Number of protein chains: 2
Amino acid sequence: MSQKFARRMGSVHRSFIREILKVTADPEIISFAGGLPNPALFPVAEMEEAASRVLSNTGRSALQYSTTEGDPALRQWIADRYRTQKGLDVGPDDILISTGSQQCLDLVGKILLDKGDKVVIERPGYLGAIQAFSFFEPEFVPVSLESDGPDLEELEAAFKDGARVFYAVPNFQNPSGLSYSLEKRKAVAELMDRYDVVFVEDDPYGELRFLGEHLPPVYSFRTGPSLLCGSFSKVAAPGYRIGWVVAPQEIRDKLVIAKQASDLHTSTLAQAIMRDYLQHNDLDRHIERIRECYGRQRGVMVKAIEDCFPASVEVTRPEGGMFLWVTLPEGTVSMDLFDIAIERKVAFVPGRPFYVDGSGENTLRLNYSNSDEDRIRVGIGRLGDALTSFIG
Amino acid sequence: MSQKFARRMGSVHRSFIREILKVTADPEIISFAGGLPNPALFPVAEMEEAASRVLSNTGRSALQYSTTEGDPALRQWIADRYRTQKGLDVGPDDILISTGSQQCLDLVGKILLDKGDKVVIERPGYLGAIQAFSFFEPEFVPVSLESDGPDLEELEAAFKDGARVFYAVPNFQNPSGLSYSLEKRKAVAELMDRYDVVFVEDDPYGELRFLGEHLPPVYSFRTGPSLLCGSFSKVAAPGYRIGWVVAPQEIRDKLVIAKQASDLHTSTLAQAIMRDYLQHNDLDRHIERIRECYGRQRGVMVKAIEDCFPASVEVTRPEGGMFLWVTLPEGTVSMDLFDIAIERKVAFVPGRPFYVDGSGENTLRLNYSNSDEDRIRVGIGRLGDALTSFIG
């Protein structure tokens, strides 16, 4: 007989992007579909030195069980950075280390969301959050993302309608590449304070700004409860699976209980190597190299798009991060374009899975961090050809 | 105002053992409370060589994102071991790597348990499973654990009453140290097949047998759905957070979806170092050293108990694993003994949290893996004094 699964499994689906990535395994395909950092920038030699130091000096403790909250010195490093770079009043005890920032989303769902609770998510929104929260069967309330942040009228309407959790990626959002303006950050914070909304601010890309000025997190404008999630995946390496969340004590205490039940703690060894790497190297200099590289790759992609795409196609021009967002003319379906593109050996992610309301059929996401400049030029050329034959 | 949390948070509690461990941070206290492997046995030098090989030879891929299912060569190694050592028909594709075997319990709860579903758990039962499952609000059905396995009449009654999931640790159980006999393994498997029950067999300690004969897992006697969870924490090192689950395809597919939403994948780097260590070293020889050491420590503890404890106190005599289980005379409360023991600078874990029905007040758990022989003798002497003054 067929296995009986929990009812919540009816709300969740195999990742569409995973399926896409299987199609793009063909090495002849130039893929802008994934969301991988450029591995050429990983500080491999420095990490090898760090691993050697950790295992020769503190091997026994690095291989042992450790606390659920995470490595104290690593949390201290993160707190120091928030204080010096953003002027935030964050201490090590405000931080919980997570198994990648994806785990923060699972833990947030676990402790905050009952079935049917309204959660505001950007439209389009981050797929990993949609997947993590879906297990707790909330009602997603999509709020349109404009070029400078969420539509404030829609946002207020959602809060008036009872939504008490808002998840967002205000810097170089995945999938759109868009960022909130300073004015919108303040307005969004004020609105959430007024309606007593918990903000879950996910900021994996904030450090990857190659144009314009760094802006303070929405977190810094809140008086009400705010969570700030971060990650080493985009600034150092994702293979560690180390993220974190800054949270007020009442919420953090519950997150710790949920994390302990989920995986006891994040890898002691991975945390120790990352901490040692950070203590012995200049992360800012390393991030500068990433910014410079991604800025160049983004520039090449935008230029190639301007040269190759039909004029009816719109594209965002992000000032940081890893993604461009493409809007095709109304009525076209990017999934149909996908099949044509694969024939021409180029891949992207159709935008629809990022819309909880089933819209967005004419959108798609392009990643520029994981292809070198030549492949970007060739790949965008192929996609331009596909687009021309698709929309004429 | 006070934060509103999900209703499920009413079913979960901060770990009692965590609180206990805080009390025992005093270095003068000899603690038998934790559940840590002996760090003197960690293969630190070999792990350092493995880390160096991985980062110098395949650094870029070891630091990148990887698949949710886990490192293919690591899964192959695990499958090969099941085939050669236990004769199980397991291939790499049957295995999902998890962030410690604790994560398997969270994922199992996520995909299988609706609120109010009946789950059978041993009495006493593993606290980590109680905590992980509690987030999904099942009804726990405790079944008494006898010296050779569960009470079969109680087990059948639970199945007749509608329980369709059974979680158990048949080898050197945490907390009791008890193991299932061959006859009980077969009988339990047959009973589950008859009632179409999913078995979640957790086997972190099976390799740590220092007395008697290895017995096949209950899994090997099933025709119905069975999950077999394993871990490198007790045979190599827990700081990696690498466990796994063998599961039939229909269940495994859902576990993969749940894992992706939970943390995308287990640390690529941790998996790569562990895999390289396993490929370049003889794990069996290493496990032999652990067995020899724990067997000696267990012998010293049992001998000291026979010398120091009042005759009215009962103790299990496990043939492997890391724990002894102590039963005080009826009517006594081990939590009261705990306070006396702490005054005498010795600690243990009171047994009650391992009982989902609130019983077990006169029981306690002792760990012998993480103290050397001298400390075991001194600590058990102190505990004997405490017991003598406690129960007279």
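Let me begin in chain B, with strand β11, residues 323–327: four of its five residues are buried, so the strand is largely enclosed by the rest of the structure. Before going further, please keep in mind that this is a predicted model.

Which strands pair with β11(B)? One is strand β10 of chain B, residues 314–315, which pairs with β11(B) in the antiparallel sense over two bridges. Within that pairing, E314(B) stands opposite T327(B). Another is strand β14 of chain B, residues 363–367, and here the antiparallel pairing with β11(B) runs over five bridges. If you want one pair to click on, take L324(B), whose bridge partner in β14(B) is L366(B).

Now let's hop over to chain A, where we can look at the whole sheet. Four strands make up an open sheet, in the order β10-β11-β14-β13 of chain A, with antiparallel pairing. Which strands sit at the edges? They are β10, residues 314–315, and β13, residues 349–350, of chain A, each pairing on one side only.

Let's walk across that sheet. Between β10(A) and β11(A) there are two bridges, in the antiparallel sense, and E314(A) is found opposite T327(A) of β11(A). Moving on, β11 of chain A, residues 323–327, is joined to β14 of chain A, residues 363–367, by five bridges, and these two strands run antiparallel. Two of the residue pairs are handy landmarks: W325(A) has R365(A) as its bridge partner in β14(A), and V326(A) has L364(A). Another bit of background for anyone looking at neighbouring positions: in a regular strand the side chains alternate between the two faces of the sheet.

And is β11(A) enclosed or open? Four of its five residues are buried, so β11(A) is largely enclosed by the rest of the structure.

Let me zoom out to chain A as a whole. Chain A holds 12 helices and 14 strands. What about its overall dimensions? For 392 residues, a compact globule would have a radius of gyration near 21 Å, and chain A agrees, at 21 Å. Its C-alpha trace spans about 60 × 55 × 50 Å along the principal axes. Of the 392 residues, 64% count as buried. Taking the contacts with a separation of 6 or more, 75% come from residues 24 or more positions apart.

I'd like to finish back in chain B, with a single residue. M192(B) belongs to helix α7 of chain B, residues 182–195. Is M192(B) buried or exposed? M192(B) counts as buried because its relative accessibility is 0%, where the cut-off for buried is under 20%. What does M192(B) touch? Leaving aside residues up to four places away in sequence, its contacts are F159(B), F166(B), V197(B), F199(B), V218(B) and R222(B).

Methods
Residues numbered from 1 in each chain as written. Chains lettered and ligands numbered in written order. Predicted model: local features only at pLDDT ≥ 70, side-chain atom pairs only at ≥ 80, totals over all residues. Heavy atoms only, no water. Pairing = 2+ DSSP bridges. Rg over C-alpha atoms; globule rule 2.2 N^0.38 Å. Buried < 20%, exposed > 50% of the residue type's maximum accessible area, 1.4 Å probe, protein only. Contact = heavy atoms within 4.5 Å.
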